[in-house]
Amino acid sequence: MTQGSGPTNVRKKSEICAGMSTDTIYAVSSGTGRAAIAVVRLSGTATRAIVKSIVRRLPPPRTAILATLRDPATQADIDSGLVLFFPAPRSFTGEDCAEFHIHGGRAVVAGLLGALGGIDGVRAAEPGEFTRRALLNSKLDLAQVEGIGDLIEAETEWQRRQAMRQMQGGLSRQTAQWRSALLEASALVEAEIDFSDEGDVPEALSRRVSGVVRPVHDALRAELAAAKSSERIREGVVIVISGPPNAGKSTLLNALARRDAAIVSHEAGTTRDAIEVQLDLAGYAVTLIDTAGLRESADMVEQIGVARALEKAQNADLVLWLSEADGPAAPDERLGAAEVWRIFTKADLVVNKDAERGLFISAETGENLDLLLDRLTQRAAQLSGEGHAGLITRERHRKAFAAAVDALARIDADPQAPIEFLAEDLRAALFALERLIGRVDVEDILGDIFSRFCIGK
Ligand SMILES: Nc1nc2c(ncn2[C@@H]2O[C@H](COP(=O)(O)OP(=O)(O)OP(=O)(O)O)[C@@H](O)[C@H]2O)c(=O)[nH]1
Ligand SMILES: [Mg+2]
């Protein structure tokens with residue numbers, strides 16, 4: 001409807017990739033499907049002219065007006081709705097932007113998109129393209145862009161809070177402070193290189209550099225130590241249900257998920273694949289995974305299932321080892337999990353429940369299921385740093401921090417090293433921090449980030 005095919009389209013695409021496009025773009029920024037209101041956004045140099053051609057006037061900046069929207073090509077009325085205009089640079093993208101708040105019926109939305117698509121030099125936005133323009137126009141930095149992405153994805157309360165902090169510039173501000181401290185040290189060192197011919201760092205300088213570098217090094221290390229917690233908030237605490245066949249693993253998954261996510265049957269070896277459900281435990285995201293029962297089997301598919309089950313357990317934050325009261329006494333040695341809880345199932349069939357051995361639960365009567373859920377919630381909160389986690393929320397951040405820490409550790413270990421080494425290590429640390437907030441190498445990282453964005457953001 002909006003993009004032609006053929007060579008023109010190809011050219012446009014490459015321009016977009018290089019971030020040089022001057023096209024005016026539009027997209028539905030509210031969700032897809034029928035709704036009371038839909039928001040269609042517009043950004044680019046033709047915005048003013050387009051708004052005028054659709055509503056025959058330009059609303060005062062940042063003020064909503066009620067207007068009839070008309071297709072400029074046919075002069076047919078499309079809908080009546082609110083129209084807002086945000087002149088550059090005070091807009092989300094930094095360009096002229098407009099919003100049409102129209103009725104959310106499919107035909108209404110299609111009518112407006114059709115009208116916009118019919119205008120020359122205007123095209124549908126790529127996923128994340130509004131945000132990409134905001135980034136290119138320095139309205140946001142890379143860490144904030146990730147924060148927006150996370151906020152849109154956020155499903156639990158703590159994910160939302162963490163994403164908000166990042167979007168509001170928590171990571172960016174802190175990184176800027178560290179960066180300016182390192183720049184100060186770097187300036188001292190570079191000045192020394194320029195003005196002295198000796199290779200060694202004078203005592204006084206190395207003390208001043210250490211004085212600047214050490215607190216930054218300590219702070220970055222502390223953040224790395226807390227990284228696991230914040231990554232767990234974002235990605236979810238991983239809890240794997242393991243045990244011998246028929247122990248009641250899938251039954252427990254279904255009970256905790258409150259739906260029939262996994263097949264349950266009295267046959268041993270029912271579950272082959274790993275089955276994941278997402279839980280929200282008091283605002284903490286948890287990925288609960290049901291796995292194949294562990295046993296030797298001649299069946300090829302079951303063997304693959306067992307291998308997968310072990311792999312999931314090895315990478316889990318917590319494994320629940322389920323067995324019947326007369327089942328295998330100890331968890332399988334191959335689990336290699338960080339933490340294993342022993343749980344006895346089918347408590348309704350057991351007379352002697354020795355609480356010392358582990359928690360006895362019954363999916364049949366509900367016995368101790370609430371208690372188990374409470375304990376899982378507590379543990380998920382602990383593993384997520386009780387929500388007060390640090391600034392590192394994803395692998396990309398962790399790598400950047402680690403690279404900076406490596407470089408600063410070399411300085412801390414040998415502040416008397418030849419001055420060129422000192423200069424080089426400071427540059428490496430600065431580069432890592434600059435990469436983090438997207439001051440350098442931004443194009444490399446963008447593709448990965450925006451591939452997960454939705455259209456209209
Ligand atoms: N009485 C009783 N039966 C249960 C309970 N939990 C599960 N069962 C039964 O035990 C059988 C096996 O349950 P599943 O949940 O399929 O067991 P599983 O551990 O997932 O088994 P595999 O996928 O084959 O490894 C089914 O017949 C369930 O109805 C319980 O608490 N009490
Ligand atoms: Mg099962």
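Leaving aside neighbours within four places in sequence, with which residues is Lys 139 in contact? They are Pro 89, Arg 90, Ser 91, Phe 92, Thr 93, Gly 94, Ala 134 and Gln 144, where contact means heavy atoms within 4.5 Å. This is a predicted model, in which local features need pLDDT of at least 70 and side-chain atom pairs count only at pLDDT 80 or more, while totals for chains, interfaces and linings use all residues. Residues are numbered from 1 along each chain as its sequence is written, chains are lettered from A and ligands numbered from 1 in the order in which they are written, and side-chain values use heavy atoms, with hydrogens and water left out.

**Overall architecture**

- The protein has 14 helices and 12 strands, which are DSSP runs (helices: H or I, at least four residues; strands: E, at least two) numbered from the N terminus.
- The domain assignment gives domain 1 (7–139), domain 2 (147–233 + 391–438) and domain 3 (237–383); such bounds come from an automatic or database assignment.
- The C-alpha centres of domain 1 and domain 3 are 50 Å apart.
- The radius of gyration is 29 Å, whereas a compact globule of 457 residues would have a value near 23 Å; the radius is taken over C-alpha atoms, and the globule rule is 2.2 Å times the number of residues to the power 0.38.
- Of the 457 residues, 47% are buried, meaning under 20% relative accessible area, with exposed being over 50% and partly exposed in between (1.4 Å probe, protein chains only).

- An unreviewed UniProt entry annotates Arg 41, Glu 99, Lys 139 and Lys 457 as "binding site"; UniProt positions follow the numbering used here, feature names are shortened, and annotations may be inferred rather than shown by experiment.
- Arg 41 lies in strand S2 (residues 35–43) and counts as buried because its relative accessibility is 10%.
- Beyond its neighbours within four places in sequence, Arg 41 has contacts that include Glu 99 and Lys 457.
- Lys 139 occupies the loop between helix H4 (129–136) and helix H5 (142–153), and is partly exposed because its relative accessible area is 35%.
- A polar atom of the Lys 139 side chain lies 2.7 Å from the backbone oxygen of Pro 89.

**Magnesium site**

- Ser 250 (OG) and Thr 271 (OG1) coordinate the magnesium ion (ligand 2) at 2.0 to 2.1 Å; donors are N, O and S atoms within 2.8 Å of the metal (3.2 Å for Na, K and Ca), and water is not among the atoms, so sites may look incomplete.
- Ser 250 belongs to helix H9 (residues 249–257) and Thr 271 to the loop between H9 and strand S8 (275–281), 21 residues apart.
- Ser 250 is buried because its relative accessible area is 8%, and Thr 271 is buried because its value is 10%.
- The two side chains make a polar contact at 2.8 Å, a term for N or O atoms within 3.5 Å; within protein, one must be able to donate a hydrogen and the other to accept it, and residues adjacent in sequence count only if both atoms are side-chain atoms.
- Asp 290 is among the contacts of Ser 250 and among those of Thr 271.
- UniProt (unreviewed entry) also places a "binding site" feature at Ser 250 and Thr 271.

**Gly 243**

- Gly 243 lies in the loop between strand S7 (237–242) and H9, and counts as buried because its relative accessibility is 0%.
- The C-alpha atoms of Gly 243 and Pro 331 are separated by 7.3 Å, although these residues are 88 apart along the chain.
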